[in-house]
Amino acid sequence: MKTDRIFRAVLYAGGAFVALLVLLAFLSLCHASWLSLKKFGIKFILSREWDPVNEKFGALPFIVGTFMTSIIALIISLPFSISIALLLGVYLREGFIKKVLTYATDLLAGIPSIIYGFWGLFFLVPLVRKLEMKLGVLPYGVGILTASIVLAIMIVPYTSSIAREVISMVPGDIIEAGFSLGATTREIIFGIILPYARSGIFAGILLAFGRAFGETMAVTMVIGNSNCMPKSIFCPANTMASVIANEFTEATKDIHLSSLIYIGLWLFLFTFAINLLGNLVIKKFRVEVKNE
Amino acid sequence: MGDKILKIENFYAGYGHTWVLRNINLEIPEKKLTAIMGPSGCGKSTLIRCINRIHELNPEAIYRGHIYLNGKDIYKMHPTIVRRKIGMVFQKPNPFPTMSVYENVIAGYILNGIKLKKEEKDKIVEDALKKAFLWNEVKDVLHRKGTFLSGGQQQRLCIARALAMKPEILLLDEPTSALDPKATSRIEELIVELKKTITIVMVTHNIAQAVRVSDYTAFIYLGELVEFGPTEKVFAAPERKETEEYLVGKFG
């Protein structure tokens, strides 16, 4: 009995410590960005001017860049991740090909982001440059689109592995009921499996979005690091994470450093808000099954 | 025995390298209820799952022989067509949890992409629910989720869902084994009414239930059809020793 109580206390302590860390991270971000927070306040995220020389700091271009790259990455990756999830969750329930595909997609998540960055820089950038020349836009090669493609590949395993799990958790008896009514596998996917698994799939999409939102290294290497407002998907730009990584070492003025950390604070808040919103949506869409 | 709607000829079925059913020959009479009985694991569920070609969904499934529906070999038809003509109700009630009562009944049409006018749908839903003795209980909650009904109501909803496709045969795989006695007797009343208009093949464990509702009984033992005949006869004077032993409870 006594050891049980001690054990439980240890677990509580561990949980409380982690919760405390989140709070402390938030507080120390506030503290370190105080200079900038005081000077620019909420206008910081509405102003489009980022000029360290004249000490004018506004994060709107980076916020726009972050949302653009993450959303485009999500759009590019979704067809692939959902197809893989359906293939592995519905069509290939067992066997060699399933194993190979599962390992291969999961392995994508294990590749360090610096390697994605290099691949993007040496392989994708020339390719995008060619495309840009064909389209007649300025052939930077680096920019929003390039970063989005790299991110898309990086986040495929996040959506696909979660979607695969929730799809294979759809009860076999309702799938059988669908077959017994004369539905084909495709009809069962759209009529039964996807509606049932939608909240789980959404959770996977959200996780992928969060991953894309905060990814730093690979994006910094291929996005072009421009502090202007991105005007098209071919523009060099910066995301919130990439501008911090890019300018952190050269921020000699206090207000510059403080503004970079202030961006970090906003990144923290955005991620938090997205997760909160996502959880609400997941709850709303969850299939309610009454237990007997 | 009347007209035979379904003929099973030299039929074998199993999983992997093992036959579960061997050399089944059975003629199912039209608009009667045929009960399939036998001890656990004898292959009775496998048999009815072969009749609507659900068995073959298992990647391990093997089968050979013929099953004729009105003289046509169902294994030469497209499985989805077979399954629309031969409806099935499972052991555990399995309404679609994402769909309302109404959508559950019409699910066969929704899933198959058959477009219907609102009035046609309303009529199919009402007819099927009335046939399943469920209309009065659910007519005011048609647009609530089907999973909020009681177990017995859910099972009748599943019967309505199968009936809505206007099948020629209805397969029932131990449809009351997950239900309480009251819900069971409701389902039995329903089945007795239904067999006037549709051929029913029902797997059951429950000997008393077979006596109460069936016209014919097939007894399967260790994968073989041991006895088949009018229910009174099979129960009163079984021809085979295995049948008799099962009926008096020596195994099962």
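Me: In what order do the elements of chain A run from the N terminus on?
Reply: This is a predicted model, and its chain A holds 11 helices and 2 strands. Read from the N terminus on, the elements of chain A give the order α-α-β-β-α-α-α-α-α-α-α-α-α.

Me: Which element gives the most to the side of chain A that touches chain B?
Reply: Between the two chains, 22 residues of chain A are in contact with 26 residues of chain B. On the chain A side, the elements that give two or more residues are α7 (172-180) and α8 (185-214) of chain A. By class, that side has 11 nonpolar, 5 polar and 6 charged residues. With 7 residues, the element that gives the most is α7(A).

Me: Why is helix α7 of chain B largely enclosed by the rest of the structure?
Reply: Helix α7 of chain B covers residues 151-164, and its 14 residues reach 20 Å from the first C-alpha to the last, close to the 20 Å expected at 1.5 Å a residue. α7(B) is largely enclosed because, of its 14 residues, the number that are buried is 13.

Me: Which residue with a positive phi follows α7(B)?
Reply: The phi in question is near 50°. The residue that follows α7(B) with this positive phi is K166(B).

Methods. Residues numbered from 1 in each chain as written. Chains lettered and ligands numbered in written order. Predicted model: local features only at pLDDT ≥ 70, side-chain atom pairs only at ≥ 80, totals over all residues. Contact = placed C-beta atoms within 7 Å. Helix = DSSP H or I, 4+ residues; strand = E, 2+ residues; numbered from the N terminus. Nonpolar A, V, L, I, M, F, W, Y, C, P; charged D, E, K, R; others polar. Expected span 1.5 Å × (residues − 1). Buried ≥ 20, exposed ≤ 12 C-beta atoms within 10 Å, placed from the backbone.
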